[in-house]
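Here is a walk through the packing of one model. Keep the coordinates open as you read.

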Amino acid sequence: MPIDSLLGRDAETRRLVSMLGRARNGRGAALLVSGDPGIGKTALVSTLAADPPGMTTLKVVGFEAESTIPFAAIQRLTIPLQERLAALPDRQRLALAVATGRADGPPPDRFLVGLGLLGLLTATAAVAPVVCVIDEAQHLDAESLDALGLVARRIEAERIALLFAGRVDTGLAQRLVGVPELTLPGLPMDAAVRLLQLSAAGPIDPVAAAAIVDALSGNPLALVDLAVEVSARELSGRGLDGRPVPVGRRLEQHYLRRVGEVDGPAQAWLLLAASDAAAGLDLIGAAADRLGIDPDAGDRAESAGLVELAETVRFRHPLVRSAVYNAASGVDRRRVHRALAAAAVGLGLAEIEAWHAAHATLGTDPEVADRLEHAADLAARRGGFASRASVLTRAADLTPAGARRAERLIGAAEAALMVGAVQVAAGLVGRLDDNALDVVQRARVIVVRYGIALFVADPETLVNGTALLMQAADGFHGHDPLREQRTLLMAFESCVVADRLMVGVTTAELGERLAAGAEMTDGPTSVILRGLSALIRLPYDRAVPLARAAMAQIDRLPEREMMQLGTAITALTTFLADIAGRDAALDRCANAARNAGALQSFDTVLWLISLTQLTGGTVRRAVECVDEVRGVRRAMGYDSEQVVNPAVIAWTGGPREVVRQIGEGAGAGGFGGVTAVATWALAVRDLAEGHYRDAYRLLQPQIADPFLQVTPLQYSDFVEAAVRGGHEEEAARWVTEMGRRAAVNGSPWYRGVTLRSRALVAPNDEAEAHFRAAITALTDTGALIDLARAHLLYGEWLRRTRRRGDARHQLTSALELFERGGGEIFVGRVRAEIEATGARNVAAQERDPLALTAQELTIARRAAAGHTNAEIAGALFISPNTVDYHLRKVFGKLGISSRRQLADRLDHRDPGAPAGKL
């Protein structure tokens with residue numbers, strides 16, 4: 001169909017033509033074209049993408065029968081791209097091969113498959129621009145849709161256009177969040193009337209034609225088919241006499257009459273095709289042979305204009321398929337599904353066979369349910385957990401009431417939760433009778449319900465979560481020791497989430513249960529549980545060796561296991577005051593999640609890094625991690641604007657009231673840990689601004705009610721607030737405790753902050769030695785903010801002892817470090833102190849006149865560290881061309897032309913930044 005034949009679609013045509021033009025020029029884009037059946041979605045995208053000059057067209061159609069087969073659409077889409085696979089990194093190539101059933105391997109994350117597809121399309125676009133059409137997208141399997149959604153959100157600088165077409169009100173737009181949507185309305189009146197007149201056998205009264213168009217809401221396919229079905233004279237009469245225009249059921253009856261015009265074998269063949277429109281002609285042919293249907297029947301159906309035959313069958317309109325299928329009796333439909341199932345067995349299509357066998361079954365059928373469960377297991381091996389959930393649910397429906405049915409419902413709920421389908425998971429566990437479950441099944445349900453509560457922020461479950469998970473661990477006890485230990489790790493994580501809001505169990509009881517769980521079996525998890533238990537229950541000097549052993553065990557784990565342990569790593573390294581070990585382990589976790597394409601795990605680890613960098617790190621790194629979280633969430637299709645870290649907001653000068661409200665809101669939702677962090681950050685803000693009594697009032701309740709490994713981090717802040725607020729004796733008591741810990745943990749960083757605090761409570765003749773020792777200890781730790789605070793406090797002390805020149809030197813060092821590390825909230829206090837030494841017009845550290853965006857800075861640092869564009873692309877979930885696009889912008893802003901110059905310039909801009917890290 002030529003483009004000029006798209007009557008009434010001028011604006012839509014211009015938008016798509018412009019989009020294709022941008023793609024040709026390396027500005028990729030995606031678009032979802034949505035609308036009602038027959039509104040012209042397929043006509044619009046297919047016509048414009050049919051043969052665009054100088055572009056390669058790829059097309060895949062979604063089919064309902066494949067909607068539970070993971071990555072089925074990706075498999076079909078990548079068939080013509082196999083020769084480009086060599087261009088992909090090994091892990092992406094393997095992920096695509098496993099997902100599409102061409103290889104065995106670890107189940108890949110759906111987002112890693114998406115990255116592989118992005119790389120494959122990018123390699124193809126290097127030869128010629130690519131336009132990729134995804135029609136009937138609402139019928140795509142969930143895994144393919146998620147992978148394609150990631151591609152659609154990451155083609156900023158590619159010669160790729162991605163066009164989705166699908167029905168409205170199917171949840172498609174929600175699954176493709178971040179992809180612009182074009183909803184097609186009915187044709188304008190003039191175009192619709194013209195289409196009706198052109199399609200009718202004779203002229204139609206203009207007033208009647210307008211009335212018909214209005215009644216059909218300008219739906220073009222309904223207009224064309226109605227014109228064919230009803231004579232021009234009858235149409236004119238109907239439009240003028242006010243009788244209902246034959247739409248809906250009448251149009252379906254029209255298609256049925258057209259089906260009735262073909263012979264019996266062709267009608268039987270159409271029912272086969274309607275029962276599985278995704279089936280290849282081999283499957284339909286084999287099933288037809290089993291039913292004794294003439295092999296040429298499909299050709300006659302095509303000649304009648306009801307279908308188009310290619311590798312699969314495409315019906316003229318969805319109503320044709322539904323008319324054929326719905327008009328058949330239940331007996332005939334089940335007979336056809338049985339034939340398709342048997343044919344699938346012969347062709348080795350286990351998942352297709354199970355799907356048809358299920359549709360051929362009335363009531364329950366344990367044998368078919370078993371085959372569905374096998375198909376669900378196959379889906380899981382390919383990383384298709386959304387499909388596993390769907391197939392296991394159907395298997396449960398076919399399973400008689402009892403333990404086996406409950407087992408399948410629980411398995412489906414667990415799979416649904418893995419991909420974030422929390423409402424599905426909640427619905428599945430809601431179908432269970434808890435009283436009919438065995439002890440292990442009840443424990444699994446508790447774990448699922450806690451996972452749901454985390455997603456939906458259910459405060460009652462979150463504050464009770466540790467007790468509930470300990471109850472679940474008790475259910476696994478004696479039955480499944482590994483699951484018991486994993487659940488105890490979750491219980492510890494739940495305790496950290498709830499913080500002081502935790503109810504139903506004490507931290508001491510949790511510590512005892514972790515210790516008992518560690519003895520259930522040997523292995524890495526046992527060592528980790530002992531370390532976590534020790535930090536809760538044992539005196540510090542006895543706990544440190546066990547915590548170190550736990551971290552050593554974590555460091556030896558394979559990456560895929562390590563990336564799930566971010567909370568444990570943070571807790572153990574915080575307890576040990578090991579900021580170097582913390583940063584290295586969390587970076588390794590992040591790299592593992594990135595390499596696996598596990599974006600949800602990556603999101604979590606980045607969040608932890610953003611928090612930990614505020615202690616013993618730099619605020620700048622924390623901010624960059626928050627920005628990177630935004631990018632990851634955009635890639636997953638989540639709302640990136642909901643990334644709120646109250647501590648980072650406080651440290652970067654955000655409104656105090658906003659920080660307070662976020663903290664209170666988190667506490668109301670059961671996230672007591674966020675409340676505590678917000679309170680601490682506000683106290684630091686008070687210290688930075690010289691409001692020492694306010695800082696003391698915020699910190700004193702937390703010090704008086706200590707929480708695990710978190711509170712000792714606040715001792716140095718509390719000491720400063722207490723000394724400056726007139727509570728010297730109380731401050732001295734906590735300095736003594738800090739010294740005891742520093743002697744045990746051997747941490748240079750903790751020794752430095754301890755000496756800094758000791759200087760504040762020491763007599764004047766001892767203070768200077770402590771300040772100087774603190775600066776020496778902190779200098780090589782990478783803790784720029786803590787080092788800057790040591791210089792600041794030392795400079796303030798020097799000024800008060802009337803050594804203004806020495807004070808100015810220390811304060812100038814503090815100012816430089818604060819600006820390098822992002823500690824701008826302290827800058828006002830430093831400047832005031834410098835001016836009090838007699839200096840005037842203190843200049844800010846020289847900054848680049850053209851600031852880089854967060855993404856540009858991240859890419860620039862990686863490039864400066866020697867990473868290739870491909871390596872940077874893989875790390876940031878973008879394409880190499882997007883990396884190149886941003887680097888060119890960076891070079892232009894900084895006035896440079898090489899990566900060597902970039903490294904020099906970044907060292908000048910931010911010498912304290914860890915350029916080679918995240």
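Predicted model: local features only at pLDDT ≥ 70, side-chain atom pairs only at ≥ 80, totals over all residues.

Residues are numbered from 1 along each chain as its sequence is written, and side-chain values use heavy atoms, without hydrogens and water.

Start with the nonpolar cores. Such a core is a set of buried Ala, Val, Leu, Ile, Met, Phe, Trp, Tyr and Cys residues joined through side-chain atoms within 4.5 Å. Buried means under 20% relative accessible area, with a 1.4 Å probe and protein chains only. The largest core has 108 residues; Phe164, Leu532 and Ile569 have the most contacts inside it. Helix α5 (residues 110-125) gives the most, 9 residues. Helices are DSSP runs of H or I, at least four residues, numbered from the N terminus. A second, separate core holds 68 residues, among them Ala678 and Tyr715.

Move to helix α44 (residues 804-821), the place of Leu817. Leu817 is buried at 8% relative accessible area. Its C-alpha atom is 5.4 Å from that of Ala788, 29 residues away along the chain.

Now the rings. Rings of Phe, Tyr and Trp (its six-membered ring) pair if their centres lie within 6.5 Å; planes under 30 degrees apart count as stacked, over 60 as edge-to-face and the rest as tilted. The whole structure has 10 aromatic pairs. Phe771 and Tyr794 are stacked, because their centres are 5.4 Å apart and their planes at 20°. Phe771 belongs to helix α42 (residues 764-779) and Tyr794 to helix α43 (residues 784-800).

Last, a charge: the charged end of Arg27 sits over the ring of Tyr885, 4.6 Å from its centre. The criterion is NZ of Lys or CZ of Arg within 6 Å of the ring centre and within 35 degrees of the ring normal.

Note on methods
Buried < 20%, exposed > 50% of the residue type's maximum accessible area, 1.4 Å probe, protein only. Helix = DSSP H or I, 4+ residues; strand = E, 2+ residues; numbered from the N terminus.
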